[in-house]
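The following exercises are intended for a reader who is meeting this structure for the first time.

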Amino acid sequence: MKKLIRSVYEIKWAIVNQIILSIGAFGTIVILSRFLNRDIFGEIRYIAAILAILSFFSLPGASSIVIQSASAIGKKRVVQIIKDQLQWGLIATAGALVFSLFYFLKGNVGLGYGFLVGGFFAPIANLYQMPGHLLAGLKHFKSKTFVDTAIMSAIILGAILGTLLTHNVPGTLLFYFGIQSIATLTFLFYTVKKTPDNDATDADEILDITHSRQLTIFQAPFTLLPALEKVFIFLLLGPSAFAVFTIAVLPIEHMRSAFRNLLQFSVLPHFENEAKATLSLKKWLTTASILTVGGIAVLIIFIKIILPIFFPQYIEAMPFGHILILAIIPVPLQILTLALIASRKIKDLFLYAGSLTTVNIVTFMALIPLFGLMGAVVAKVVTEFFTAALLGVFYKNSKKIT
C-alpha cells in the first residue's frame, strides 16, 4: 500500500513538473514568434535545431541514469556525469563554429554571429533540465518544481529581453542562452550539494556510460529526428515557411515531450531487466495507448482554441496542426525501445537508430521538394509510422534471437 501511495505521489509531481516545462517552452515560442518577424524567428529556431542535433552527442540519455539512481551513484559520479556531458557538449561548440564560419563566408552576418553565440553557450544551456532530473532522482519533488519553475522563468525572461532590446538573431540568442546558462549553472551547484556522498566503483562507471548510450538512442525519435526535420525544412523552404511549420508542429511536440518524460519517470524503472520488461510490456503498452487517445482529444481542443489566441499571425498553420495529430498515434510503441534496453540489445538499438534516421532523411528529402510545406507535414506523419514499424521489427527479431 505504501509503495502504491508513493508511486501515485511521484506521478502527481511528474505531471506538475511536465506542465511547468511545457508552459515555459510554449511561452518562449509565443514571445519569439510575437515580437520577431517570420524570417528572424525561423532563423533562431534553425540555429536551435542545429545545436540540438550537435548536442545529441553529449549523451543526453545520462540524465535518465540520474533520475533513476542519483542517491545510489553519489555526488562524485553525478559530478562526473555532468562533466562528461559538458565535455561532449564541446562538439556542439565546434560544430557551431563551423556553421558560423560558413555563414560569415556567405555574407549572412546574422546567422554567422547567431551560431557563434549559440555555440558558446551550448554545452551549459543544454543541461537546463539536469537540475530537475537530479532532484527527481533524489525524490525531492517539491524542490524540483521550484527549480524547474525558476529555470523556465529565466529562459522566458531571456527571450523577452532579447526580442525587445535587440530584434535580431545574435542579440536575442545572447540574452536567451546567456540567462538560461546562468540559471542552469546556479541550480546545478544547488542540486549537486544536495546529493549524498556515496562512492561508485569503476564497474559502475562503465555501466553508466554504456547505459547512457542506450538511453540516448531511446531519445532519438523525440529530440534528434525532430531537429533534423526542421533543418531540412529551413534549407529547402526557407525561414518563413519554417516559422509556419514550427507553430504547426508545436502541439504534437509538447505531447511527445510529455510522453517521453512519462517513459523516463514512470515506465523506465519497470524495465530494469529483461524479465521485468516482459512482465510490464503489455500493461504499459495498454496504458500508453489509453493516454494517447486522451492526448489526441486534448490536441484537437488545443489547436482549435489555444493556438488561434496565441498565434493569430500564423493562422495558416492550424490546418497543418490537425494533420500532424496523426503522428501521435504510433507513439506508444516507443515503449518497445525500453524493452530492447532492458534486454541489452545494443546492436539492435544502433541498427534501429541508423535505420530510422535513413528513413527520416529519405522521406523528407523526397516529399518537401515535390509538395512544399504540405510535403513536410505528410513526411512527418509518414516517418512516425515508419519509425514505429521499424521498432516493432527490431523488437520481434531480438526476441527470436533470444
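**Exercise 1. The chain as a whole**

Buried residues account for 54% of the 402 residues in the protein chain. The model is a predicted one.

Task: State how many helices and how many strands the protein chain has, and give their pattern along the sequence.

Solution. Step one is the count: the secondary structure of the protein chain consists of 14 helices and zero strands. Step two is the order: along the sequence, the pattern reads α-α-α-α-α-α-α-α-α-α-α-α-α-α.

**Exercise 2. A pair of helices**

Task: Determine whether α2 and α4 are parallel, perpendicular or oblique to each other, and state the handedness of their crossing.

Solution. Begin with the axes: those of helix α2, residues 38–55, and α4 come within 10 Å and cross at roughly 40°. Next, apply the cut-offs: angles under 35 degrees count as roughly parallel, and those from 65 to 115 as roughly perpendicular. The helices α2 and α4 are therefore oblique to each other. Finally, the crossing of α2 and α4 is right-handed.

**Exercise 3. A nonpolar patch on the surface**

Task: Identify the residues that form the nonpolar patch, and name the element that gives the most to this patch.

Solution. The patch on the surface is formed by L97, F104, V109, Y113 and L116, which together have about 420 Å² of accessible area. Two or more residues of the patch come from each of the elements α3 (62–106) and α4 (109–125). With three residues, α4 gives the most to the nonpolar patch.

Task: Classify Y113 as buried, partly exposed or exposed.

Solution. First, locate the residue: Y113 is found in helix α4. Second, recall that buried means under 20% relative accessible area and exposed means over 50%. Because its relative accessibility is 42%, Y113 counts as partly exposed.

Notes. Residues numbered from 1 in each chain as written. Predicted model: local features only at pLDDT ≥ 70, side-chain atom pairs only at ≥ 80, totals over all residues. Heavy atoms only, no water. Patch = residues over 30% accessible without salt bridge, like charges linked within 9 Å, V, L, I, M, F, W, Y side chains within 5 Å. Areas by Shrake-Rupley, 256 points an atom, 1.4 Å probe, with all protein chains shown as cover. Salt bridge = Lys/Arg side-chain N within 4 Å of Asp/Glu carboxyl O. Helix = DSSP H or I, 4+ residues; strand = E, 2+ residues; numbered from the N terminus. Buried < 20%, exposed > 50% of the residue type's maximum accessible area, 1.4 Å probe, protein only. Axes fitted to C-alpha atoms, helices over the stretch in contact; angles between N-to-C directions. Parallel < 35°, antiparallel > 145°, perpendicular 65-115°, else oblique. Left-handed = near helix turned anticlockwise from the far one by under 90°.
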